[in-house]
Amino acid sequence: LLLLIMSGGVEESARTRPISQDLLDTQCDEEHLLKISATVNFNWKTIGRRLVGIKAVEYIDREDQCKQEKRDQMFQKWIEMKGSEATYRALIEVFEDDKNYLAADAVKELVSRDVTTGLCQLSLPLSVNYSTFQCA
């Protein structure tokens, strides 16, 4: 599925499956954001400017970290700054505004699954320990 997401082959059901409006307005779960960060192709600086602002992106970019860690830190900063306003709907809108419909569809696929129990299967197995994710 990782190859499908990277190549634009997200299941059509992600676009057509009805999504609960309540779930869209739910604050993003940090574990889900780590999965999105690790599996979905997007320019973290462009998205970060919209989510956390230019100064925060510049600060994160100065850190001596790999791109994956910077993406993770950007999402953590977004939740810290926006709290309950850091919703799946807000993230989808940012991806769509950036014309990254593939990333938006991946988030929709995540939300269309049972967000409350974390049964998302974007492309990485649930057994992966994301807290110890290593950069290559």
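Figure 1. Helices are DSSP runs (H or I, at least four residues), numbered from the N terminus. The buried residues of α7 are Q68, K70, R71, D72, M74, F75, W78 and I79; buried denotes under 20% relative accessible area, exposed over 50%, and partly exposed in between (1.4 Å probe, protein chains only). This is a predicted model, in which local features need pLDDT of at least 70 and side-chain atom pairs pLDDT 80 or more, whereas totals for chains, interfaces and linings use all residues. Residues are numbered from 1 along each chain as its sequence is written, and side-chain values use heavy atoms, without hydrogens and water.

**Figure 2. Salt bridge between R89 and D25.** The two side chains meet at 2.7 Å, N to O; a salt bridge places a side-chain nitrogen of Lys or Arg within 4 Å of a carboxyl oxygen of Asp or Glu. Because R89 belongs to helix α8 and D25 to the loop between α3 (21-24) and α4, the pair ties together parts 64 residues apart in sequence. R89 is partly exposed at 26% relative accessibility, as is D25 at 41%.

**Figure 3. Salt bridge between D61 and K45.** The side chains of D61 and K45 meet at 3.0 Å, N to O. D61 lies in helix α6 and K45 in helix α5, so the pair joins parts 16 residues apart in sequence. K45, D61 and K70 are linked in a network of salt bridges.

Methods:
Helix = DSSP H or I, 4+ residues; strand = E, 2+ residues; numbered from the N terminus.
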